[in-house]
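The following exercises are to be worked with the sequence and the structure at hand. Each task is followed by a solution in steps.

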Amino acid sequence: MSLAHSHREEPFFFPAGEETLFGILTHPPDDVENGAVIVLPGGSAPTSTGRNRLSVRLTRTAAAHGWHGVRFDFHGVGESTGVAERLRLDEPFADDLLGVMRWLKDERGITRFALVGSCFGSRTALGVSTEPAVEAMCLIAAPVRDFEMGHRISTRLALELTMPQYVRRALQPKVLRGLLNARKRRSYARVMKAKWRALRKGRGGGRGGNDDWISPSFVAHLNRIGERRLPLLLLYGEGDDYLRELQGAMRGPLTHLTSRRGGSSLAVKTVPGQLHGFTHIEAQETVIRLVGDWIASIPTHGKAQAPDRVRRG
Amino acid sequence: MGKEQDIFAVVHLPRASALGGLVICSPLEAETARHYRKEVMLARRLAAAGVAVIRFHYRGHGNSRGHPHETSFQGMVDDTLRAIAHLRSRARTQSLALLGTRFGALVAGAAASSFDRAPLVLWEPAIDASSYFRQILRLRLMQDLRRGRSAASMNGLVEEIRTQGSVEVLGFAIPRSLYESSEDKALLGALGGTTRPILLVQIEGRKRLAAPYVDFISSCQRRGLAVDSLTIPEEVPWWFVQAGGDPIDSSPGTAALLEGTSPWVERRLQEATR
């Protein structure tokens, strides 16, 4: 299918809290009546276009499959107003997402939503897991731990390494040489602070034993999704450290989701390489293909079943 | 929007009549992650001060139509000229300034050559396309080494562009059409012989101007071009994925960049209308 000519795109502004956010609505060809796929980017490329236009391509893929595609700028990002304070995974921008859903319903009559989120965007999607209008979710490289964006590695090391391992790393020649570089010194300081915080919380080192490194909100959202039997696809690259963390959670507080009587609504798919950050074109193409397949699998409402009556802008 | 040649643009209009207009030529897509917001903030600030501003996405980039593999230097200049025409009709002003960042500085310089005396702002400019692309390809070599791949040589990567149609750098494609159409492009050559005020802003983690910028300014001065310069001591990871960090809106580097650029643009446009 050709993505270049199959759609009309409409820029729009919408209120979310006290801010005015910017979005683009990609319309499917006429006479197709479906909901909207909303694409939520990660913290490293938070504008509505996404890394290498990935969000643009995903929303145009949704339109090619007969869904409206929606991409938007979080508050403080891109064309939106506001200031984006530090991005924290336990404080995702769910209000922004609810704002766009509200606008789409009130102004365009769209009442069904499928969400595609990566990293920070995936946690934002989870933040609306109780919304009845959300019918399906695809989460790419969803983090299982809570941390501030930019601190993924320092907090992971804090959990994984014991103090003796920390010290051995610090004494490596390349690390010592890094002390001459201001950026590396700041990075080392982050690692040290993360370790100190972990020690103070009793997470001395190594991840064996308890599950308190797993985000409580992540577990709570997945449980709610499981109770609703909301179709949920979790996509990871085999090289994503988040995958190992998910597997740990699946052996712990989320075990029941994979063994739910009557079949689980949760599917986990892995692909070779790394998906997180979409730093390779091959990963981007894989995601577009898999998300397209996923969109195609979402049940549609036929015209006879009182579908959305979309009001054109 | 709907036609294949449509480009996405945002126009910031002042409440009263505009004292002039500014066209912003963005860097390549890969370099916008932590820079886009600064252009938005500058545009809003200038509009509040009476300057109309247009920002746009080149064809094949961002929200615009087209395919990135068809990007060419002349195409980017043509997009800029279209943006200028649109701004002039919306803001009803003929007085014009241009701003370009990184590779966008080369585009802005080339477009400016069609407008005598139009002030030109250069944010961390690429002085010439050849050295700019060498810098970018070095990132690819570093990426290969980090992945444990045997790194191709610089010549090997250039060969890859020519034979495969593009080379990938950190998840972005550098297409042959852009590379080959830009190879001989240099800022000094683009400026031609017309006198115009120029502001060069270095955005790097150092306080002194880098040697290429010192040389560029000297060459401009030998041609009778007056160049103001400003250094913003902020390290910007132009091509690297970096989530988190200080909010861009409130970082000291952003404030210094806007403080240094906005009054300069307003002043030069006011001078041009006298």
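## Exercise 1: a glycine in chain A

Gly292(A) has a relative accessibility of 4% and therefore counts as buried (buried means under 20% relative accessible area, exposed over 50%, partly exposed in between, with a 1.4 Å probe and protein chains only). The model is a predicted one, in which local features need pLDDT of at least 70 and side-chain atom pairs count only at pLDDT 80 or more, while totals for chains, interfaces and linings use all residues. Residues are numbered from 1 along each chain as its sequence is written, chains are lettered from A and ligands numbered from 1 in the order in which they are written, and side-chain values use heavy atoms, with hydrogens and water left out.

**Task.** State in which helix Gly292(A) is found and with which residues Gly292(A) is in contact, leaving aside neighbours within four places in sequence.

**Solution.** 
- Step 1. Gly292(A) belongs to helix α11 (residues 281–297) of chain A; helices (H or I, at least four residues) and strands (E, at least two) are DSSP runs, numbered from the N terminus.
- Step 2. Once neighbours within four places in sequence are set aside, the contacts of Gly292(A) are Thr61(A) and His65(A), where contact means heavy atoms within 4.5 Å.
- Step 3. Ala62(A) lies 230 residues from Gly292(A) in sequence, yet the C-alpha to C-alpha separation is 6.8 Å.
- Step 4. For chain A, 73% of the contacts between residues at least 6 apart in sequence join residues at least 24 apart.

## Exercise 2: strand β3 of chain B

**Task.** Determine which strands pair with β3(B), and in which sense, parallel or antiparallel.

**Solution.** 
- Step 1. Strand β1 (residues 9–12) of chain B is joined to β3(B) by four bridges, and the two run antiparallel; strands pair if DSSP finds at least two bridges between them. In this pairing, Val11(B) is opposite Ile54(B).
- Step 2. Strand β2 (residues 20–25) of chain B pairs with β3(B) in the parallel sense, over five bridges. Here Gly20(B) is opposite Val51(B).
- Step 3. β2(B), helix α1 (residues 36–48) of chain B and β3(B) form a right-handed β-α-β unit (with the strands pointing away from the viewer, the path from the first strand over the helix to the second runs clockwise).
- Step 4. Six of the six residues of β3(B) (residues 51–56) are buried. Val51(B), Val53(B) and Arg55(B) point one way, and Ala52(B), Ile54(B) and Phe56(B) the other way.
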